[in-house]
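I opened my notebook to look around a structure that is new to me. Come along and follow the entries with the model in view.

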Amino acid sequence: MTADLSKSSRVSPLAAPLSAADIDEAAKRISGVVTRSPLQFNERLSEATGANVYLKREDLQAVRSYKVRGAFNLMAQLSPEELAAGVVCSSAGNHAQGFAMACRSMRTHGRVYVPAKTPKQKRDRIRYHGREYIELIAGGSTYDLAAAAALEDVARTGATLVPPYDDVRTMAGQGTIAAELLDQLDDEPDLVIVPVGGGGCISGITTYLAERASGTSVLGAEPAGAASMIAALAAGEPVTLEHVDQFVDGAAVARAGALPYAALAAAGDMVAFTTVDEGAVCTAMLDLYQNDGIIAEPAGALSVAALLEADIEPGSTVVCLISGGNNDVSRYNEVVERSLVHLGLKHYFLVDFPQEPGALRRFLDEVLGPGDDITLFEYVKRNNRETGEALCGVELSAATDLEGLLARMAESDIHVELLEPGSPTYRYLT
């Protein structure tokens, strides 16, 4: 889903929950802790789109994401009594690292609740940044369950909650990205593309650009399996998604924040949203790594994936936010797999082989093409049946080779069923 981009409407600071002035104050507050991240021109993406594309490298923060901006801005405004009570946060991983870094720098003890599926790399980095000031608690299958556990902790202990996005202090800290990029460019950008989870970062950026730039539009990129802000704007209020794909873990939020929603609703037509298939995110991750030497986590690559699918005006200036680089290397097999499926290069079939000598040889010789490669083959012979099904994964040399492969399958006397991505059977593979 992609909304129309128009520059006709600007945020009214009276209607929004925060202002550009709040963000300017946050920039002063965090200046001694947060790195001024580079804004880098990217020749590859510029040639691919015809635009002048810059990457705002928040993956180069000490905690490898922008989240330290919001966490530190909020905690720097807490009273001594609030700090003494202890602080608590919930996070998919990145907010927790910023929170942990703020706790150690302020010598404040904090507890972090993360989903059980949070990558080990992120857990290790949380402990590294917080050291003895952080207690890490993992549980629940989703971020939303971790958030509920954090709220229960606050109610039970009287500790102070440090939200990852649904707080104007968090939003203001994250909005300092916009203040930096305006200062780093000679002229204001035409478009800024921002990954979206709970909405804190895009609401801060949009608020600032609405007041400090005259013609910049914002495009929010949400994973197709977790488009909670699009759902909120369509419903007129935040709603809870029934199902969330957890792959883009840094943006896998079932319910958008109420305050970010209010800020974005006030922004009107200057901000639009699009969804990006998780496979396209994987392709963008691999391209960033192989071509640009950038290690982006799935959420961090959302903006680039959206850029390549958007209708970009040639000659325009576009900034893509690389929001984070906390990616566990053990996930790359899945990243490659999802990318190949998205590009139409990887397909799975159920092949009903006759249980007779030479059946597999006929399949290899008569059905597969010269550039087709079997990457998965699972088969169990059953003596009481004339045929037996095998699960077969095939990687093509080009997506256009699928038509010929399917035609040869149809002509063969071997029954073959293509497993469609998203089908109940296919989900056993992913």
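**Entry 1: strand pairing.** Before I began, I noted that two strands pair if DSSP finds at least two bridges between them. I also noted that this is a predicted model.

I then looked up strand E7, residues 191-195, and found that five bridges join it to E8. The two strands run parallel.

**Entry 2: the path between the strands.** I followed the chain from E7 through helix H9, residues 200-212, to E8. Together these three elements make a right-handed β-α-β unit.

In E8, I saw Ser217, Leu219, Ala221 and Pro223 pointing one way. Val218, Gly220 and Glu222 point the other way, and all of these residues are buried.

Entry 3: I turned to helix H12 (residues 278-292) and helix H14 (residues 332-342). They pack at an angle of about 115 degrees, and their axes are 7 Å apart. I recorded the crossing of H12 past H14 as left-handed.

Which residues of H12 and H14 make the contact? From H12 I listed Glu278, Gly279, Ala280, Cys282, Thr283, Met285 and Leu286. From H14 I listed Tyr332, Val335, Val336, Arg338, Ser339 and His342. Sorted by class, the contact has seven nonpolar, four polar and two charged residues.

**Entry 4: two arginines with positive phi.** Arginine 64 is not a glycine, yet I found its phi positive, at about 65 degrees. I located this arginine in the loop between strand E2 (52-57) and helix H3 (67-75). Arginine 64 is partly exposed, with a relative accessible area of 31%.

Arginine 107 also has a positive phi, near 55 degrees. I found arginine 107 in the loop between helix H5 (94-106) and strand E4 (110-114). Is arginine 107 buried or exposed? I noted arginine 107 as exposed, because its relative accessibility is 63% and the cut-off for exposed is over 50%.

Key
Residues numbered from 1 in each chain as written. Predicted model: local features only at pLDDT ≥ 70, side-chain atom pairs only at ≥ 80, totals over all residues. Heavy atoms only, no water. Axes fitted to C-alpha atoms, helices over the stretch in contact; angles between N-to-C directions. Helix = DSSP H or I, 4+ residues; strand = E, 2+ residues; numbered from the N terminus. Left-handed = near helix turned anticlockwise from the far one by under 90°. Contact = heavy atoms within 4.5 Å. Nonpolar A, V, L, I, M, F, W, Y, C, P; charged D, E, K, R; others polar. Buried < 20%, exposed > 50% of the residue type's maximum accessible area, 1.4 Å probe, protein only. Right-handed = clockwise from strand over helix to strand, strands pointing away.
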